[in-house]
Amino acid sequence: MAKQNRREFLNTLCRGTILTGLAAASGVLVFRSMAGGHCEIGTSCNSCKKSGSCDLPEAMLFRQTVWQLDPAKCIHCGRCAENCVMSPSAVKVVHVYAMCGYCDLCGGYLKPDTQTISTAAENQLCPTSAIKRKFVEDPFYEYTIDEPLCIGCAKCAKGCDAFGNGSLQMQVRHDRCVNCNECAIARHCPADAFSRVPADKPYLLQGIEPKDESKQKS
Amino acid sequence: MKKTLALLFLVILFTLQYMNASGIQRFPKPEFESGYVQPDTLIPNPRAEVLAYLDIAVLLMALSVVSWLVIKKRSRKGVFWMSLFALAYFGFYREGCVCSIGSIQNVSLALFDKTYLISISALVFFVAPLVYTLFFGRTFCAGVCPFGAMQDLVSFSPQKIGLRLNTVLGIIPYLYLGFAVLYAATGTDFMICRYDPFVGIWRMNASFGMFVFAAVLLISGIFIARPYCRFLCPYGVLLNWASRISRRHMSITPAECIQCRLCENSCPYDAIDMPVTLRNPEDKRTMARKLILITLLIPLLVFVGGWTASLVSEPLASVNAKVRLAKQIINPLTPEGKPETFEIQAFKSAGKQQSQAFTEAAEVLHDFYIGSWILGGFIGLFFGVFVAKRMTSRHRTDYTPNKGNCFSCARCIDFCPVKMPELTENKEVVA
């Protein structure tokens, strides 16, 4: 009977220690998430870019976060298409119409070595023909992305960036992204462009006016 | 005219190729006269934030219900149906992410990297099963973990696999835990997520390697019950420790063991400890000698393990992105004249200083050096305790589940013929 008591006592002691340890560690981690305080780049928020999505000091109270890529850092290498756990990739090109020049000679739509400017397949940069070109009025053409076709290879974004306004930007699409614990694309991004952003401001698009963000499709 | 235009386009594109001047409005915003309305850029929302709290609520509810089913109700059927529910909710609906096994990495990273803020789901998924296990045993494994449920579905013909194989394979979870914590804490990689076999099934989307791994586990799972749980799961190591000191634990008999041996072959996981009679009780001198040997052996093994691992800290660190970048800067992968790797391109266009890259890599290497010592020490400690266990023997009269290895699945309960005693003053039946 004495031995049983001793073992039980030791067990209880261990249990108490572990519970205390867990409580302490959890407390530290919770406190760190709650202690907004001041904003210093790179300390309170992972890869904070002050992209307009920060409301510190009340900001990070256990905000749910999702993955997003920063078009300012993106070098359009094309790895987004290969590395996502989903196929096709959850990263697709997004067209910011507000920035688009509506050019006839579109750097994102046409191949650099095109002989004619038309919608012929041999002239298109996009390997899956996901960009649709439509005449609006002279000399402007509208380019829209057919998202189910887009594989996220960034060829159009690269062309638009090099010869255009940069209105075609790569972004993680949240109707497709499964929000992995560690983003497989983030692991392979050479520009370290991926980071976690608050879920209520899940896009890092350049050129979108703040009021436009209210037009969100659930 | 069109030809010269195209040629001009080509020349401009070439010259602007490597200038990452994004977002510059080269062409002015058009003014439309025909009444064309510019469409809005569609930005679909992610999963609603409040649903994360639903996940937590379901987790706590499931843990409570399964613990009650195992300890109080002693119902195998109930545990089975709960595990199916867990497979449906945490597996197919939530697609297995975020999970308790992976949460080890989130917690490791959060403890060592102040800029990483852990989500509340990850924290609760780590802490809650541990707390419940400290009080009720591994009820999480029984009816809440979707991995366990997945493997339980295919274990039609579980075979006994022998002590030696069981022991050798039982080392792997400790190695996996050590490496996973090391790589997560240094911010290198989330190994557990990368080598998760079942998430590909739940997402209906997997690479070939992951698919093969899942198939191997499921097919071998027909004959070896719960292969991932017993021989791979790193979280299982923590639950094993917690369950050994749990306050209450599932017991085969509701009252007393009558050594009828009916439950001897009832456990598919060989987790039942058989009665052991001590042939010759050892004298105090032998026991004292053993104690001294162990007291010397364990620190020695810890030191040797840590030192050995620290020798390979640099190769271990070379998968880290910052270390790889620094190595590429020093030693470019592609010879002169050929196009550079994307990492070098991105590094140059970001305008970072080389010295900064080297400093970051050096910090990572230092973290890995310390981490390798700890990892090696942990493995050494494991071997020391393993030897100590072999040296000691425990006297046992009853058939009891091994508190560390038992998943509390309650299969053995149906084999025991002992009935619950009539309710008298003593209502509690404790293992």
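Into which domains is chain B divided? Chain B comprises domain 1 (52-267 + 400-415) and domain 2 (284-391), with bounds that come from an automatic or database domain assignment. The legends below describe a predicted model, in which local features need pLDDT of at least 70, side-chain atom pairs count only at pLDDT 80 or more, and totals for chains, interfaces and linings use all residues. Residues are numbered from 1 along each chain as its sequence is written, and chains are lettered from A and ligands numbered from 1 in the order in which they are written.

**View 1. The two domains of chain B.** The centres of domain 1 of chain B and domain 2 of chain B, taken over C-alpha atoms, are separated by 28 Å. Their contact involves 8 residues of domain 1 of chain B and 10 residues of domain 2 of chain B; two residues are in contact if their C-beta atoms, placed from the backbone, lie within 7 Å. On the side of domain 1 of chain B that touches domain 2 of chain B, there are 4 nonpolar, 3 polar and 1 charged residues. In this classification Ala, Val, Leu, Ile, Met, Phe, Trp, Tyr, Cys and Pro count as nonpolar, Asp, Glu, Lys and Arg as charged, and the others, Gly among them, as polar.

**View 2. Helices α15 and α19 of chain B.** The axes of α15 (residues 284-311) and α19 (residues 354-391) of chain B come within 6 Å and cross at roughly 150°. Axes are lines fitted to C-alpha atoms, for helices over the stretch in contact, and angles run from 0 to 180 degrees between N-to-C directions. Helices (H or I, at least four residues) and strands (E, at least two) are DSSP runs, numbered from the N terminus. α15(B) and α19(B) are therefore roughly antiparallel to each other, a term for angles over 145 degrees. The crossing of α15(B) past α19(B) is right-handed, meaning that the near helix is turned clockwise from the far one by less than a right angle. Their contact has 17 nonpolar, 9 polar and 1 charged residues.

**View 3. Helices α9 and α19 of chain B.** The axes of α9 (residues 172-185) of chain B and α19(B) come within 10 Å and cross at roughly 165°, and the two helices are therefore roughly antiparallel to each other. This crossing is right-handed. α9(B) contributes B:Tyr174, B:Leu175, B:Gly178, B:Leu182 and B:Ala185 to the contact, and α19(B) contributes B:Gly371, B:Leu375, B:Phe378, B:Ile379 and B:Phe382. By class, the contact has 8 nonpolar, 2 polar and no charged residues.

**View 4. The interface between chains A and B.** In this interface, 76 residues of chain A are in contact with 67 residues of chain B. On the side of chain A that touches chain B, two or more residues each come from α1 (2-34), β1 (65-69), β2 (91-95), β3 (131-137) and α3 (155-162) of chain A. The largest share, 11 residues, belongs to α1(A). This side of chain A divides into 37 nonpolar, 25 polar and 14 charged residues.

**View 5. A:Val172 within chain A.** Chain A has 4 helices and 6 strands, and A:Val172 lies in strand β5 (residues 168-172) of chain A. A:Val172 counts as buried because it has 28 C-beta neighbours inside 10 Å; the cut-off for buried is 20 or more other C-beta atoms within 10 Å, C-beta atoms being placed from the backbone. Not counting residues up to four places away in sequence, A:Val172 touches A:Trp67, A:Gln68, A:Leu69, A:Ala90, A:Val91 and A:Cys177.

Notes: Angles under 35 degrees count as roughly parallel, over 145 as roughly antiparallel, 65 to 115 as roughly perpendicular and the rest as oblique. A residue is buried if 20 or more other C-beta atoms lie within 10 Å of its own, exposed if 12 or fewer, and partly exposed in between; C-beta atoms are placed from the backbone.
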